[in-house]
Amino acid sequence: MKILVLYHSDYGNTEKMAQAIAKGAQAAVDDAHCQLIQVEDAKLDDLVAADLIFLGSPVHMGTMAWKVKKLIDDCGKLWMENALAGKVAGIFATGGGLGNAGGGVELTLISLFANALEHGMIAVGFPKNLPGYADGGLHWGAYARCANAEGMPQPISDAALVAGRSYGAHVAEVALRFANNTE
Ligand SMILES: Cc1cc2nc3c(=O)[nH]c(=O)nc-3n(C[C@H](O)[C@H](O)[C@H](O)COP(=O)(O)O)c2cc1C
């Protein structure tokens, strides 16, 4: 199974979450080939070649980072060709979360989820019974708050990375079930 983890990260938190997701996905599937690529470096062919695509963003000004949205918009040709339809998708984000209501993370995750559905992908949420959910989960996907109560940046926590690994494994297992049913 070809697994692609796409993300943008300025300061490393979203990259660490991307790595945790890749680790979980890799561990869940025996023959997984997992690639991590920053959205700026992604080619459309990378997406077409993948069976499972994760897409992650830091929260910027209440929604996803513009470089992530640029890649999504650049995928218009793939939408025309239904090239991503039927692939499984997972989503993730990190944010500062100031304001006690997530600072825009729900909008970020819902937007990423909607973009996957727009392509006819099978977007997979994060069940609350999985390890790490309380520290790094939302029903949409993996999320780490990377700031203290005053909103000052903090490195991503190990507890949130547990959530990243379990979400990565969960989505990969769903993708594997689809792959096995079509053989
Ligand atoms: C330009 C900019 C805007 C941001 N806006 C928000 C925001 O609206 N809401 C939020 O929760 N965090 C916001 N943050 C905090 C980041 O989402 C958070 O620090 C994140 O973990 C950074 O990810 P990175 O280390 O992968 O770059 C912002 C950070 C930057 C640099």
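Helices (H or I, at least four residues) and strands (E, at least two) are here DSSP runs, numbered from the N terminus. The model is a predicted one, in which local features need pLDDT of at least 70 and side-chain atom pairs count only at pLDDT 80 or more, while totals for chains, interfaces and linings use all residues. Residues are numbered from 1 along each chain as its sequence is written.

**View 1. The shell around the ligand.** The ligand is surrounded by 20 residues, of which Y11, T14, P58, G95 and G103 are the closest; a residue is near the ligand if its C-beta atom, placed from the backbone, lies within 6 Å of it. At least two shell residues come from each of α1 (13-28), β3 (52-60) and β5 (88-95). By class, the shell holds six nonpolar, 12 polar and two charged residues, with Ala, Val, Leu, Ile, Met, Phe, Trp, Tyr, Cys and Pro counted as nonpolar, Asp, Glu, Lys and Arg as charged, and the others, Gly among them, as polar.

**View 2. The largest nonpolar core.** This core has 59 residues, and V5, I21 and I91 touch the most other members; a nonpolar core is a set of buried Ala, Val, Leu, Ile, Met, Phe, Trp, Tyr and Cys residues joined through C-beta atoms within 7 Å, and buried means that 20 or more other C-beta atoms lie within 10 Å of the residue's own. The elements that each supply at least two core residues include β1 (2-7), α3 (66-74) and α5 (105-118), while α7 gives the largest share, 10 residues.

**View 3. The surroundings of I21.** Apart from neighbours within four places in sequence, I21 is in contact with V5, F54, F92, A142, G164, Y167 and G168, where contact means C-beta atoms, placed from the backbone, within 7 Å.

Methods
A residue is buried if 20 or more other C-beta atoms lie within 10 Å of its own, exposed if 12 or fewer, and partly exposed in between; C-beta atoms are placed from the backbone. Two residues are in contact if their C-beta atoms, placed from the backbone, lie within 7 Å.
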